[in-house]
Amino acid sequence: MSPLPTDLYDRSSKLFAKLKGYYAHGAGQHSARILYTVLFVAPYYLSPKLRSTAANSRDAPSVIRARTRAAGLTCLASIVITVYLLAIHGHATPHDVLHLLGLWPVQAIDIAKVTGLVMILFVGPLYASLVVESGWRQLTFREAKDTLFDSWIGYRNFVVAPASEEIVFRSLVIPLFILAKMPPKQIVFLTPLIFGLAHVHHMADFCRTHTPAGRTLPTMGVFLQALLRAVFQFCYTSLFGFFTAFAFLRTGNLYAIILAHSFCNFMGFPQLWGRLESVDEDYTHVAPNVTQGKRDEGVGHAQRDESPDGGVKVGNSLMQPEDERSERARTATAVVSTRLGLGWTVVYYVLILAGAYGFYRLLFPLTESRNALEVFSR
């Protein structure tokens, strides 16, 4: 593959020559990276409105709204800092700044290719969701609206979280490493680690919400469960961060990685063992108190892992207007699992392997762009 003429460090003399000395020692980008992480996570624990408790979980609308505002302020403050460094110290032109942040120019084909790439990786889960579970019936505008905007949990998971995390940990952090002329491979494997660490704070959330009433500290069982969840989430988010950092450098397109992040959040972690089961949902009437704290059925497929195992999945009364709560409280969804023939499972795991191989083979071709921020050698 011929090298692309898109190495911004060499092309944009006004910006990079003046910032070379400022960032060459490496302190600038590391300090900003740590500062952005603190700004992103600290409000969750400094403000009582943002803290989750056993009585007011992180899924409560009031907590989601408060955290959304905090994420917006964090993005704004981090953007001001990065643009200040680029414009004041480097005398960057507006075009330079927009390009480094992945905001402009916008190539729709790059967005489509990156999205297609992650869909290839998830071809197995897509088969399970759309074909095995007949999820294709729910591919409607109304369903998308209900999932993304009418559910606070869906709005957080599929809109706010992908946008804010990619802006802070990719769009605002990676340009500083480019300015320090750090090798692109180091950028890919170094910057996502802080992204993974930024998710470890969920361990404190889990301990706080699962500590029995009357205790100050969680039980050993709760602590170990929270630790295992935190380690898994660190590994998973770091691996995902490697991909989005690579895609951002290869395409210079922030919108592509936000959409990829949202898609991966929607799909969730794929099933890697066990036999496929078909899930049928039938509505029944239950007592009002059964509905408290349960999930909203309008939330997408990726959030099903948070519903109770095997029992009843119902609407979250905290997420509904007062005039809807009584009706929703009387309605539950009985989840009935049906074991499928072995052939369905065999096809699923074959597609899992095929998707992983296809992702590997197409990683470079589908992330190639004339707007790339760095050039990679294979």
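Phe263 counts as buried in this predicted model, at 15% relative accessibility, where buried means under 20% relative accessible area, exposed over 50% and partly exposed in between, with a 1.4 Å probe and protein chains only. The model is predicted, and local features therefore need pLDDT of at least 70, side-chain atom pairs count only at pLDDT 80 or more, and totals for chains, interfaces and linings use all residues. Residues are numbered from 1 along each chain as its sequence is written, and side-chain values use heavy atoms, with hydrogens and water left out.

**Aromatic pairs**

- The structure holds 15 aromatic pairs, a pair being two rings of Phe, Tyr or Trp (its six-membered ring) whose centres lie within 6.5 Å, with planes under 30 degrees apart counted as stacked, over 60 as edge-to-face and the rest as tilted.
- Phe122 is buried, its relative accessible area being 6%.
- Tyr236 and Phe269 form another edge-to-face pair, with 5.0 Å centre to centre and 80 degrees between the planes.
- Here too distant parts of the chain are linked, with Tyr236 in helix 14 (residues 220–251) and Phe269 in the loop between helix 15 and strand 1 (277–285), 33 residues apart.
- Tyr236 is partly exposed at 28% relative accessibility, and Phe269 is partly exposed with a relative accessible area of 40%.

**Aromatic cluster and charges over rings**

- Phe40, Phe169 and Phe195 form one aromatic cluster, and Arg170 lies over the face of Phe195, at 4.3 Å from the ring centre.
- The charged end of Arg67 sits over the ring of Tyr44, 4.5 Å from its centre, the criterion being NZ of Lys or CZ of Arg within 6 Å of the ring centre and within 35 degrees of the ring normal.

**Cysteines**

- The count of disulfides comes to zero, a disulfide being a pair of cysteine sulfur atoms within 2.5 Å.
- Cys235 is partly exposed at 40% relative accessibility, whereas Cys264 is buried at 8%.

**Helix 10**

- Helix 10 (residues 152–171) has a kink of about 35 degrees at Val160, shortly before the proline Pro162, the bend being the angle between axes fitted to the seven residues ending at a residue and the seven starting there.
- Helix 10 is mostly covered, with 16 of its 20 residues buried.

Methods:
Helix = DSSP H or I, 4+ residues; strand = E, 2+ residues; numbered from the N terminus.
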